[in-house]
Amino acid sequence: MVEEGISAVGGQLAVLVQGEVVVDIAVGQAEGNKALRPDDLHNVYCLFKPILYLLLGHLLETSGCSPDEPLNRILKMPHWAPECLTYRQLATHQAPLAEPSAAAWKLTPPNLQEDLLNQPRVETKPAYSQISGSLIAEHIIESITGLPPNLYCYQELLKPFGLASQVIVHPELAISIRQRIRAPITGLPIEPLPMLSELLPSYLRETRLAVGTLATMGGMARLYEAVGSVLEGFPKPGFPSPVWLKNLMEDDRPFSDDPVFQRPAKWSAGMMTDVGRQNISRTAGPGSFGHTGGLANTVALYDSSRKATIALYLNGVGTEREDHILPRMQIVDTVINAFPKY
């Protein structure tokens with residue numbers, strides 16, 4: 001794809017099988033004709049969102065809270081949050097929290113963003129939450145721990161996994177490592193575009209779990225592999241226990257609206273679970289899960305039938321489905337099909 005210039009001029013790929021790194025590479029070009037490197041950082045957007053929900057799940061479990069306990073009985077919730085919202089509803093996108101969109105949030109000046117949340121809600125159906133659900137997760141973490149969510153994430157998850165330099169959640173650190181931050185360079189209708197250009201100072205000031213985390217694909221692959229390992233029965237720091245997580249993954253989840261892909265879909269514990277419907281993979285085995293980020297140029301997938309994890313970043317975006325979704329699926333399926341099923 002990179003050699004032929006199809007939708008991307010560069011890419012970063014990491015693959016783990018049974019917990020072992022088998023691929024961690026970067027090919028092609030970043031901005032300014034620089035070579036893309038495996039340790040370059042990219043804005044993974046919603047790709048980190050499941051990790052935030054699982055971090056919250058771990059906190060609630062250790063606090064003795066049930067996934068089905070109304071959160072407003074535990075702590076004071078934001079006034080715009082749905083009444084009697086539970087963690088299960090939040091993590092499976094079963095609440096009417098589609099608005100505001102991530103694009104509206106990023107394009108709104110920081111001093112006016114609160115107005116987006118205070119607007120009267122006309123939503124009634126469960127829907128995928130691009131930003132407000134994650135803001136609620138941040139609120140709960142800070143309310144219970146008394147710590148900023150990014151600091152709690154660092155202490156409970158990134159530091160134990162040794163990922164402090166691979167997943168960046170501190171804005172101060174992001175500014176100090178600008179030379180490792182790479183922005184998409186192809187297909188942009190205007191330049192710079194706030195949703196995509198990680199080099200904008202306005203973006204770096206808003207590095208936070210709910211909005212945009214900087215990460216390498218090696219770092220994201222290790223996090224998604226850890227989730228798969230927990231589901232196999234092996235506890236990991238910062239994540240819910242195997243019993244708690246399996247309960248979230250195996251419940252009978254109804255469909256929710258997906259305003260991003262314009263169709264109903266399913267989520268569990270913050271992750272996309274019907275990976276075929278959500279254009280992640282056509283050949284992944286049953287029980288596989290993953291997520292996408294950005295304008296579909298970033299993806300992570302855990303294939304339970306192969307015990308394989310893939311994280312992929314394409315340095316470029318397109319305005320048509322064929323420009324990014326189909327080539328990305330082709331890469332994912334080509335990679336996972338290289339490994340046998342167990």
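Glutamine 18 is placed in the loop between β1 (10-17) and β2 (20-28), where helices (H or I, at least four residues) and strands (E, at least two) are DSSP runs, numbered from the N terminus. Although glutamine 18 is not a glycine, its phi is positive, at about 50°. The model is predicted, so that local features need pLDDT of at least 70 and side-chain atom pairs count only at pLDDT 80 or more, while totals for chains, interfaces and linings use all residues. Residues are numbered from 1 along each chain as its sequence is written, and side-chain values use heavy atoms, with hydrogens and water left out.

Further backbone features were found in other loops. Alanine 269, in the loop between β8 (267-268) and β9 (271-272), likewise is not a glycine and has a positive phi of about 50°. The relative accessible area of alanine 269 is 0%, and the residue is therefore buried; buried means under 20% relative accessible area, exposed over 50%, and partly exposed in between (1.4 Å probe, protein chains only). A cis peptide bond, with omega about -5°, joins glutamate 99 and proline 100. Proline 100 belongs to the loop between α2 (87-91) and α3 (102-107).

Strand β11 (residues 298-303) has six of its six residues buried and is therefore largely enclosed by the rest of the structure. Burial extends to both faces of β11, with Thr298, Ala300 and Tyr302 on one side and Val299, Leu301 and Asp303 on the other. Strands of a sheet pair through backbone hydrogen bonds, either parallel or antiparallel; here two strands are taken to pair if DSSP finds at least two bridges between them. Strand β10 (residues 289-293) pairs with β11 in the antiparallel sense over five bridges, and glycine 293 has threonine 298 of β11 as its bridge partner. Strand β12 (residues 308-314) also runs antiparallel to β11, to which six bridges join it. Within β12, alanine 311 stands opposite alanine 300. The hairpin of β11 and β12 has four residues between the strands, and lysine 307 in this hairpin takes a positive phi near 55°.

An open sheet of three strands was also identified, with the order β3-β5-β4 and antiparallel pairing. Strand β5 (residues 214-215) is joined to β4 by two bridges and runs antiparallel to it. Isoleucine 168 has leucine 214 of β5 as its bridge partner.

Helix α9 (residues 217-231) comprises 15 residues and reaches 21 Å from its first C-alpha to its last, close to the 21 Å expected at 1.5 Å a residue. The expected span is 1.5 Å times one less than the number of residues in the helix. Of the 15 residues of α9, 14 are buried, so the helix is largely enclosed by the rest of the structure. Glycine 233 follows α9 and has a positive phi, near 105°.

Grid points are joined across faces, edges and corners, and a volume is the space filled by probe spheres set on the points. The second largest pocket holds about 240 Å³ of space. Its lining consists of 13 residues, of which Leu231, Met249, Glu250, Gly287 and Phe289 lie nearest the centre. Helix α10 (residues 242-250) supplies three residues, the largest share of the lining of this pocket. By class, five lining residues are nonpolar, four polar and four charged; Ala, Val, Leu, Ile, Met, Phe, Trp, Tyr, Cys and Pro count as nonpolar, Asp, Glu, Lys and Arg as charged, and the others, Gly among them, as polar.

Two cavities of 30 Å³ or more were counted. The largest cavity has about 40 Å³ of space and is lined by residues including Tyr53, Gln89, His93 and Ser129. Its lining has five nonpolar, five polar and no charged residues.

Zero disulfides were found in a search of the whole structure, a disulfide being a pair of cysteine sulfur atoms within 2.5 Å. Cysteine 65 is buried, with a relative accessible area of 11%, whereas cysteine 84 is partly exposed, at 38% relative accessibility.

Methods. On a 1 Å grid over the protein atoms alone, a cavity is a set of points where a 1.4 Å probe fits but cannot get out, and a pocket is an open set with protein on both sides within 12 Å along at least five of seven lines; lining residues have an atom within 4 Å of a point.
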